[in-house]
Amino acid sequence: MVNRQRKTYENPTHLESLPPYAPIEPFEVLSARLGRTPDQIVKLDANENPYGPLKVVREALANMEFPHIYPDPESRALRKSLAEFTGVPAEYLMAGAGADELLDLLMRVFLEPNDCILSCPPTFGMYSFDAELNAARCVEVPRRADFSLDMDAIREAVETHKPKLFFITSPNNPDGSVLDSKTIDELLELPTLIVLDEAYIEFAGENLGASLSRIREVPARENLVVLRTFSKWAGLAGLRVGYGAFPLWLMPTLWKSKQPYNINVAASVAAQVSLEHTDELAKTVEILKAERTRLMTELQKISYLKPYPTQSNFILCQVDGRDAAELKARLAQEFGVFIRYFNKPGLRDNIRISVGRPQDTDVLLEALKKL
């Protein structure tokens, strides 16, 4: 008789304590939960562009020539368009399924178990999540109360922990603050690879963020990566397309390490057509920036909210004198208005409100006044 021993399967040990990332749910899920149709929901919880893709992009998607053929693994046509848009030569550029894929790719390339990255919370939660997913550590240097960086503490952390990567966001999510030029220069003097996440840069400064972006500096520096996305300014969040500029010495390793067909045909078409119509997209961005100003003015009139200055497409608010979690829940249940709620170090009882259309702002403000 054959003695068959039953094998016990276990999760990798470094994943046992990994907290799940809490993603934002789409319209169809929210509709099913609340019993409301999508047009009865005001979705201001994920910093999405409420105007969506341009009409010409939708038309291009409806008339794609080769959706049945695998996409170009090097995204050559898209990278050529990106080079014209950014002023960075195509050989420094790589596209990803959202900037998130490129974040994860960098960590898979650089990190061995027990290595570390550096981050400055409160900030985008995927940095620490991806580090732990890759069996590495995330060393955190908290921001000051005004969300500025503590440069002395950062220098000490770099010297002590020797992080392989330093992830920094400008404008920062969730507060929308922009790093000043002097601070970025100081960061670039550190002996580590600086990954500057510019997911919201198009809403800051002038000319779709060109006046503040550091992406054109990448070819001249050995330790700078700049990541960007089409999710926010171009309204392509659902198609998952982003890009990054990387030092030339790193590109061969990245090309070997990425998934071969990571940018699907639809995402590539949508991004390229968007780049052919940046003037129209810039008008949409200016509309959102104007609505941001209006929303900020009105939120300052709500007695229990303290909105922070922002240069992005969202506004972070401290909630005073009432329960922020209850406020979020009641907005959703009673009014169909969805916002983001934070309750973690540096963000106790905070809500973040994406900038929507004027009618979205009207519904939100009326709900906040009733509550």
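Modeller: Two strands pair if DSSP finds at least two bridges between them. Strands are DSSP runs of E of at least two residues, numbered from the N terminus. This is a predicted model, in which local features need pLDDT of at least 70, side-chain atom pairs count only at pLDDT 80 or more, and totals for chains, interfaces and linings use all residues. Residues are numbered from 1 along each chain as its sequence is written, and side-chain values use heavy atoms, with hydrogens and water left out.

Colleague: In which sense do strand 7 and strand 8 run?

Modeller: Strand 7 and strand 8 (residues 242–245) run antiparallel and are joined by 4 bridges; Thr229 has Gly242 as its bridge partner. With strand 6 (residues 193–197), strand 7 pairs in the parallel sense, again over 4 bridges, and Asp197 is partnered by Leu227.

Colleague: Why is strand 7 described as largely enclosed?

Modeller: Buried means under 20% relative accessible area, with over 50% exposed and the range in between partly exposed (1.4 Å probe, protein chains only). In strand 7 (residues 224–229), 6 of the 6 residues are buried, so the rest of the structure largely encloses it. Leu224, Val226 and Arg228 point one way, and Val225, Leu227 and Thr229 the other.

Colleague: What describes a pair of aromatic rings?

Modeller: The distance of the centres and the angle of the planes. Rings of Phe, Tyr and Trp (its six-membered ring) pair if their centres lie within 6.5 Å; planes under 30 degrees apart count as stacked, over 60 as edge-to-face and the rest as tilted. The structure holds 9 such pairs. Phe124 and Tyr127 have ring centres 5.5 Å apart and planes at 90 degrees, so they are edge-to-face.
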